[in-house]
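Here is a short briefing on a protein and its ligand. Keep the sequence and the 3D view open as you read.

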Amino acid sequence: MKRFIIAGGGIGGLATAIGLAQKGVASIVLEKSAEMVEIGAGIQLGPNAFHAFDYLGVGDAAREMAIYIDNLRLMDAISGQEIAHIPLGDAFRKRFRNPYGVVHRGDLYGVFLRACQAHDLIELRTKAQVEDYEQDGTSVTAILANGARVTGMALIGADGLWSNIRKRVVDDGPPLVSGHSTYRSVIPYDQMPEDLRWNAATLWAGPKCHIVHYPLSDWKSFNLVVTYHNDAAEPVAGMPVSHHEVRRGFEQVAPIAKQIIDKGKDWKLWVLCDRDPVMNWVDGRVALLGDAAHPQLQYFAQGACMAMEDAVCLAAQTEALSGDVERVLQSYQNKRRLRTARIQLQSREIGQHIYHPSGAHAELRNAVMGAKTPEEWYDLVDWLYGSSGLEGAVTSSR
Ligand SMILES: Cc1cc2nc3c(=O)[nH]c(=O)nc-3n(C[C@H](O)[C@H](O)[C@H](O)COP(=O)(O)OP(=O)(O)OC[C@H]3O[C@@H](n4cnc5c(N)ncnc54)[C@H](O)[C@@H]3O)c2cc1C
């Protein structure tokens, strides 16, 4: 059957279906949940995400729902003072040809879901958990938990951090537990301390802990994500926890930073996981995409952006190498694996050297980062924001 099978209906899976449909390729998305929804509140979108939106034909809808922040702001959580900020105004937009935005995950997901629902070439199926696959050189069959079988010309494993498809393709065991506990909450706008209602993605960096907040949903609320490196040993996703537990990691931070945490409610915990990068994401007619391929700590705020870039690259390769599925998947993997490996590895590094240092390490961070000009910041992130990771993707098969 001439269609792609996509295991997983997260941002990566839906973006893939849209990218393929734009090239005239049909797909079926198999999502294990009973409903197509995205959990969590805010998400940051670098200019590279907007390059991907445009390529996927959802640029206008995505731009409409974003808040465009003025700065990425780095604060010292101990002194309460600003260390540095990266201005995101005209000079940034001109340099990277797109803005930096923040959105509600549900809004972003809704844009992708509506685009999928509106397309004749995309079928969405829920309660469809892919357990395994078989392939015979001309087709691939996804085997579902309920025993159903779905056959197509390729299978894309966009089934997230705990991917079943990855177990077969890479077989590198469970994800690595970072020991970092992340607690998420949302603060209604009028409960955010007035002097902190900044139009910025703000990071308060402290010893083995940090706080991130930014405005959401047309300024109705603030997204709040706080992380504590407490050597948590077990992976956790979305578990409700008490305010007291969250507070415990932040006793040493300045009152101005602590008061933000005190505004949080209905906290949910994630113990963060990632994996070491691997060079092979492909098994014949099967390939991995998004978190299934390159799960990362969130410190670059790029996991969803990378999943969307993957989708764009796969669609471009499908068009360029029409008909030859195995070459398409190899070419896609070759174009994506180093860029995503860089994010995986550097996310760990910036966690250690920017988000969580203490003592002399933190003083050094403040001195180095505080001395940079906007242009120096832009040069540093040029490899990430200045590129869509797609250079040559359409014309070259290597
Ligand atoms: C605290 C935190 C903050 C973050 N902030 C940002 C940010 O600011 N910017 C950014 O770009 N990224 C951010 N990320 C990362 C981003 O959320 C993920 O990288 C992104 O959602 C991955 O998308 P995905 O579609 O690959 O995987 P997922 O979103 O995990 O989707 C996988 C889908 O597959 C389904 N599924 C799983 N197994 C199966 C199966 N066997 N069969 C069928 N379906 C299956 C799941 O139900 C799910 O719907 C953050 C992550 C965290 C934890």
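The shell around the ligand is made up of 9 nonpolar, 14 polar and 6 charged residues. Keep in mind that this is a predicted model.

**Around the ligand**

- In total, 29 residues surround the ligand. The closest are Gly12, Glu31, Gln44, Arg105 and Asp291.
- Gly12 uses its backbone: one of its polar backbone atoms is 2.8 Å from an oxygen atom of the ligand.
- Glu31 uses its side chain: an N or O atom there is 2.6 Å from a ligand oxygen atom.
- Arg105 also has a polar side-chain atom at 2.9 Å from an oxygen atom of the ligand.
- How much of the ligand does the protein bury? Taken alone, the ligand exposes 1,000 Å², and the protein buries 86% of that.
- Four elements are listed as giving two or more residues to the shell: α1 (11-22), β3 (42-45), β13 (176-188) and α9 (303-320).
- Which element gives the most to the shell? It is α9, with 3 residues.

**The sheet that holds β3**

- β3 gives residues to the ligand shell, and β3 is also a strand of an open sheet.
- This sheet has 3 strands in the order β3-β7-β4, with antiparallel pairing.
- β3 and β4 (67-68) are the edge strands, and each pairs on one side only.
- β3 pairs with β7 (residues 101-104) over 4 bridges, in the antiparallel sense. Within this pairing, Leu45 has Gly101 of β7 as its bridge partner.
- Helix α2 (residues 47-55) packs on the sheet and touches β3, β4 and β7. The direction of α2 makes about 90 degrees with that of β3.
- Helix α5 (residues 105-117) packs on the sheet too, touching β3 and β7. The direction of α5 makes about 85 degrees with that of β7.

**The sheet of β9, β10 and β11**

- Strands of a sheet pair through backbone hydrogen bonds, in either a parallel or an antiparallel way.
- Here the pairing is antiparallel, in an open sheet of 3 strands with the order β9-β10-β11.
- β10 (residues 140-144) and β11 run antiparallel and are joined by 4 bridges. Val140 stands opposite Gly152 in β11.

Methods:
Residues are numbered from 1 along each chain as its sequence is written. This is a predicted model: local features need pLDDT of at least 70, side-chain atom pairs count only at pLDDT 80 or more; totals for chains, interfaces and linings use all residues. Side-chain values use heavy atoms; hydrogens and water are left out. A residue is near a molecule or strand if one of its heavy atoms lies within 4 Å of it. A polar contact is a pair of N or O atoms within 3.5 Å; within protein, one must be able to donate a hydrogen and the other to accept it, and residues adjacent in sequence count only if both atoms are side-chain atoms. Accessible areas come from the Shrake-Rupley method with a 1.4 Å probe; for residues, only the protein chains shown count as cover. Ala, Val, Leu, Ile, Met, Phe, Trp, Tyr, Cys and Pro count as nonpolar, Asp, Glu, Lys and Arg as charged, and the others, Gly among them, as polar. Two strands pair if DSSP finds at least two bridges between them. Contact means heavy atoms within 4.5 Å. Axes are lines fitted to C-alpha atoms, for helices over the stretch in contact, and angles run from 0 to 180 degrees between N-to-C directions.
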